[in-house]
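Dear colleague,

Please find the structure below, handed over for your study.

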Amino acid sequence: MPYLTLKTAWLAGSHIGIPDGSVLLEPGSAFFTVLNALSLVMDSSVVLLVLVLTRPWGMRVPSWLLITPVFIATGLLTPIVLGFPGQLLLRAMGLGPDEAARAAQPPFLDPWVFNVVYPGFIIQAIALTGLFVPYARERWGRSWQGVLGERLPSPTGVVAGAAAAVAAVVAATHLYWAFGGTAGHDADQIAQYSSDAGAVSFVHALCALTAAAGAVLLAGGGERRAWWPLVIAWTGSGATLCWGMWMMTAVLGGDPGPGERTTTATQLIYAGQMIVGLLAVSVMARFLARRRTA
């Protein structure tokens with residue numbers, strides 16, 4: 001509700017939570033209006049998603065019509081669930097952004113906006129997980145019960161290997177940025193680096209590696225329980241693909257906000273995240289298709 005209330009207010013012309021000088025107030029920022037409307041629709045759809053997961057008629061909804069929004073929700077919420085508490089922990093340890101980093105940040109949103117919205121997202125993620133898991137167990141439990149089984153066909157193994165190779169590059173780059181690396185950044189981005197940005201980069205690295213690990217495990221088969229490689233493949237690929245797409249859209253459509261890396265190197269990394277996510281999704285789809293026909 002806090003998120004929907006803010007988005008509705010901004011679309012109605014309110015400047016609540018937006019400081020003077022913010023890029024969001026610049027003339028001609030139609031792109032941000034479109035993003036606000038899109039994100040409002042996306043979060044509003046959670047209400048319908050909850051009904052699908054809790055009402056008897058929800059079992060009759062076509063699989064793809066449910067899986068798609070759940071996958072997107074997983075992808076967009078996972079980095080927030082991991083990153084925001086990480087940022088708070090670093091600040092509690094005295095490792096938060098210093099005065100120089102805060103001064104270098106151009107105005108974007110008042111800090112209270114993040115402190116209100118992000119905990120709401122975390123609660124939302126926990127609640128949706130608690131609803132989706134029992135639903136999935138009842139409807140598709142056979143697909144992820146038991147062991148992995150035989151190795152997937154060689155082409156699928158090649159796809160999983162490609163996901164791992166690209167993920168290694170993406171993760172190494174994000175880790176380099178997380179610990180203050182400057183290659184691929186311009187002067188403004190270097191000045192704006194802080195522990196907050198480092199935590200975000202670290203989470204993106206972790207998600208890329210998780211997506212690749214899940215893909216490799218699913219392709220390799222074996223006697224491992226099937227559910228946990230599937231969970232990490234689902235979570236990692238969703239986070240890597242959806243956030244890569246979201247940030248690439250923001251970069252190509254306009255200024256994505258202060259501290260967001262918009263150099264050519266970063267655009268390549270965003271593209272790499274999307275590639276890793278798509279490759280991992282294809283391995284996961286092949287695995288589930290075989291389980292359905294087994």
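Leaving aside neighbours within four places in sequence, S39 is in contact (heavy atoms within 4.5 Å) with Y3, K7 and W246. This is a predicted model, in which local features need pLDDT of at least 70 and side-chain atom pairs count only at pLDDT 80 or more, while totals for chains, interfaces and linings use all residues. Residues are numbered from 1 along each chain as its sequence is written, and side-chain values use heavy atoms, with hydrogens and water left out.

S39 belongs to helix α2 (residues 30-54); helices are DSSP runs of H or I with at least four residues, numbered from the N terminus. S39 counts as buried because its relative accessibility is 5%, buried meaning under 20% relative accessible area with a 1.4 Å probe, protein chains only. A polar atom of the S39 side chain lies 3.0 Å from the backbone oxygen of N36.

The axes of α1 (residues 2-11) and α5 (residues 111-144), lines fitted to C-alpha atoms over the stretch in contact, come within 9 Å and cross at roughly 130 degrees, on a scale from 0 to 180 degrees between N-to-C directions.

Yours sincerely

Technical notes: Helix = DSSP H or I, 4+ residues; strand = E, 2+ residues; numbered from the N terminus. Buried < 20%, exposed > 50% of the residue type's maximum accessible area, 1.4 Å probe, protein only. Polar contact = N/O pair within 3.5 Å; in protein donor to acceptor, adjacent residues only side chain to side chain.
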